[in-house]
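Please look over the model below. Then read on for a short tour of its loops, its domains, its helix packing and its RNA contacts.

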Amino acid sequence: MTVKPAEYNPKQIESYWSEKWERDGLYRSRVDWSKPKHYALTMLPYPSGDLHIGHWFAMTPSDARARYMRMKGYNVLFPMGFDAFGLPAENAAVQRNVHPWKWTYSNIERMRKQLRSMGAMFDWEREVVSCDPSYYKWTEWFFKVFFDNGLAYRGEAMVNWSPTLQTVLANEQVIDGKDERTGQPVIQKLMTQWFFNITRYADELLDYSSLDWPETVINMQKNWIGRSEGAQVTFKTEHGDAIEIFTTRPDTLWGATFMVLAPEHPLVEKVTSEGQKAAVETYKAQVARLTEIDRTAEDREKTGMFTGGYAINPVNNERIPIWIADYVLITYGSGAIMAVPAHDQRDFEFARKFNLPIRVVIQPEGETLNPDTMPEAHSHEGIMVNSGPFNGTPATNDKGRKNPAINAVIDWLEVQGIGKEAVNYRLRDWLISRQRYWGAPIPIVYGEDGTVESVPEEDLPVLLPEDVEFMPTGQSPLMFHQGFLNTKTRDGKPARRETDTMDTFMCSSWYQLRYLSPNYDHAPFDPEEAAYWLPVDVYTGGVEHATMHLLYTREFTKALRDFGVYDATAEAMRRHGRNPEGQFDEPMLVLRNQGQILGEARPGHFVMASGHFEGEKLFANKVKVVDRNAPVPANFDGVAGEIIRRTERILTVDVSTTVDEKLVTVEVLDGAEIDIPEIEGQNNVNQLKHRLDIQRMSKSKGNVVNPDELVAKYGADTVRAYLMFAFKFEKGGPWDSQGIQGVIRWINDVWEIVTTGAPEGSRPDEKANRDLLRKTHQTIARVTDGLEKFSFNTAVAALMELKNLMQASVRAQSISPEVWHESVKNMLLLMAPFTPFLAEALWEHIGEPYSVHTQAWPVYNAEIAAEDEVTLVVQINGKVRDRIQVPASITEEEAKATALASERVREFLNGGQPKKVIYIAKGNMVSIVI
RNA sequence: GCCGGAGUGGCGGAACUGGCAGACGCGCACGACUCAAAAUCGUGUGGGGUGAUACCCGUGUGGGUUCGAUUCCCACCUCCGGCACCA
């Protein structure tokens, strides 16, 4: 007697198994030198309050892969934590009077639950929270290491300063030069801030040879670092002061007809003549008022001012005027340039505007440039002219030493002692100061005598005081907290604490280390753990972190290596027989970026609204949703069209189908009659749907997909599998609420097949048995390959195919119970990474030992997977003309003979001889040329 | 402007190293079950053509290499991303 199997009930299964796994510590990861390790990491979330579908898309495929690695025999570490410092918590404090501490922790509490519902193999005992003193103690400690080793320094930097609020604003808080919230103007102000000398590592950061990272990320980082090769040349002012310049085109030195200094350049004052003083000051003041954005605005006309001073060009001792202009940036190179208008477009524009001389020194072949008439600079190849000893030297389009002209001039400059080969970077040092409360304090103390010292290690962490007041002005409460502010230097003299806190990228630059031993209190991480787990083997996250986070964490790792932080770890590695060589150069060896899940497109309701017009606007007392294809009655005098936008009771209706004007505003009056046929009962204005285009999800757009709701409705397994199936991992795409049906059906079918049990009383047929086993092994290969390559969608597709054949075999009663069991067993093992709850429940159901997740990954058997019959494809002149079923063991001669004997081929040959017959074994194909 | 990536059915997407384009799924159409609907099951589904075959066209566009091109080469178009007065 067959018992009717229970319905698939994900809620029950998922809560049962997650509790059991938790109790059993199934996902605890411990150092075990007898096994190979695998450190899988996914970027830790900011605790904004709710888990987004994007988090699921980022984390569940990575989890599937981590589970696969575990079944492959690796000892896997897959931790999770929270990047918990940052501005939103502080904004909440100001706006809603909740302490950031409370706000953050209650969000974390909520998100932990949501994360657990995912069914990921996170080891929660390794959780880290970056705003916890036990964590930020070490963030401070790293700062101290950098400070003590001279990597951290104080420097001046421009900040967005709000004079109204007396505070610094982040870039994203400034819109059109105004404070986003108050609308008050923001100015650029120089402030002393803390930096890390990241440029020290620029060259090493450009070496990606040991990394398997997406090309796009490497490309972005290379752009960001912006290495350029050239020469540094020393010009002198008339009065003998040196002006260093950097140029990528030393071959154009003889064409320099003026110099330009950045307005902030320290020599400006000295070179400015009495007569130009007032004009120069005016210009400088004008520049200071501009924000970075204004200054770099597109197609901006060149501005500048003559200083009255002159410089001597060292290559030909020519006297050339010195100008200042804001197109020269104080932050790049030396803040001064030689201007070669004939061969640099920016200099050219400047020279034309201010009537400065232009001299051609690179003459392109086949044309003669005329300085008076040339429409733009010539920045390409040619022959050097007007260049003293170098006349006739060819200049190519190559950069740096590869260009013979540049190469020769650099050698000459070095011999003459007026310049040398040099490299410059676009990359700026990392500004880590934030004038905020909710961040890790910078452990620095300022003595009254101006001394700057780091806080002794035994006094770390410098704790954030909790009894602080958040003022709506946005100022950091640390500046007013006397208990925090007042302290002592090491030798007991009165001192003041640094009130800036650290950039949150600082916290996320080393969190992969804290996961190793979150409770370790002698050091940021336990060398014994690190010796085993480091480095991270696979890292996944969004491409938006390509330049900042990923560059900082690489730099951080290299600095720790150089400052000996890994010495004890290297020692432990050696003790365990692992070679530490090169293990601390890079934090993450393999990187993959997931794409983004966008909002689903949806048409808006098509409505007929009537009421009374006031001007262009309709005040509606009746709104009826109608079929958009139905004709609107000719005598209808209201507004008919699709709702494009709806904000509360204000509708924007696209009436282009009926009248010429496109958009009409309709205000729905209180108590208006709303009729939406598809929703029964009393309707209200909030049920009217507006059109949604494909765009990023956001609450205000109303296109957010809530994973909690999906889990409640379908179960976590379905949500996981759907996300992996429906999108390319690296690409993402718009959400499709219908597509999930396919995964629901698949999971239900699997449930039904397995719970129904092996077919009893079937009439097994040898061929069907063999076909199913073959398919099973082909699926092993495809799923394995998919997981290896982050091609989750094809792996799920393969599992669906296996299910399809299994279902057909079961229905046809054509397979034996043994084959059913063998096939089901393998299928559940293969499904375990994707649908961990379902696989576990069914694994138990078929009587296999707990847990499916600790089983070995199925081994592919090529012999079983091999087809015994294949389709021989016959092409004539590259077109498929016939298909013949043949044994897979067919030889080349047999295949050619079979093909030539085919009816279709004989028709085409028409008695003649083929010119050529080609056999392609791997494609089971014969290609005949006639 | 410079650097990079991508264009395949109505949709998401598949195709190993140059070898049967469109796997798998959604959607859609028709049929079965049902009083009906949902669910489920069956059949079909790139376009043209045919009663059905045959055949022709088809992976952004145009050329090329090849017995054979979504895949390689050249030129172009479109979209997306990064950088951008960086000397």
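Predicted model: local features only at pLDDT ≥ 70, side-chain atom pairs only at ≥ 80, totals over all residues.

Asparagine 317 sits in the loop between strand 13 (305-313) and strand 14 (318-324). The phi angle of asparagine 317 is near 55°. That value is positive, and the residue is not glycine.

Proline 461 belongs to the loop between strand 23 (452-454) and helix 13 (482-485). Leucine 534 and proline 535 are also joined by a cis bond, and here omega is about -15°. Proline 535 is placed in the loop between helix 16 (527-533) and strand 27 (536-542).

Now step back to the whole chain. How is chain A divided? Domain 1 takes 27-133 + 513-598, and domain 2 takes 145-207 + 430-504. Domain 3 spans 227-425. Then come domain 4 (606-691), domain 5 (723-865) and domain 6 (869-929). The centres of domain 1 and domain 3, taken over C-alpha atoms, are 48 Å apart.

Next, a pair of helices. Two packed helices are described by the angle between their axes and by the distance between those axes. For helix 21 (residues 740-756) and helix 24 (residues 817-831), the angle is about 140° and the axes are 11 Å apart. Their crossing is left-handed. Which residues meet there? Helix 21 brings Trp746, Val750, Ile753 and Val754. Helix 24 brings Trp820, Val824, Met827 and Met831. By class, this contact has 8 nonpolar residues, no polar ones and no charged ones.

Finally, turn to RNA strand B. There are 55 residues around it, and Thr248, Lys302, Arg346, Arg426 and Ala726 come nearest. Which parts of the RNA come within 4 Å of the protein? Sugar and phosphate make up 66% of those RNA atoms. The surface near RNA strand B has 18 nonpolar, 19 polar and 18 charged residues. Helix 23 (residues 792-811) gives the most to this surface, with 7 residues.

Key
Residues numbered from 1 in each chain as written. Chains lettered and ligands numbered in written order. Heavy atoms only, no water. Near = heavy atom within 4 Å. Helix = DSSP H or I, 4+ residues; strand = E, 2+ residues; numbered from the N terminus. Nonpolar A, V, L, I, M, F, W, Y, C, P; charged D, E, K, R; others polar. Axes fitted to C-alpha atoms, helices over the stretch in contact; angles between N-to-C directions. Left-handed = near helix turned anticlockwise from the far one by under 90°. Contact = heavy atoms within 4.5 Å. Domains from an automatic or database assignment.
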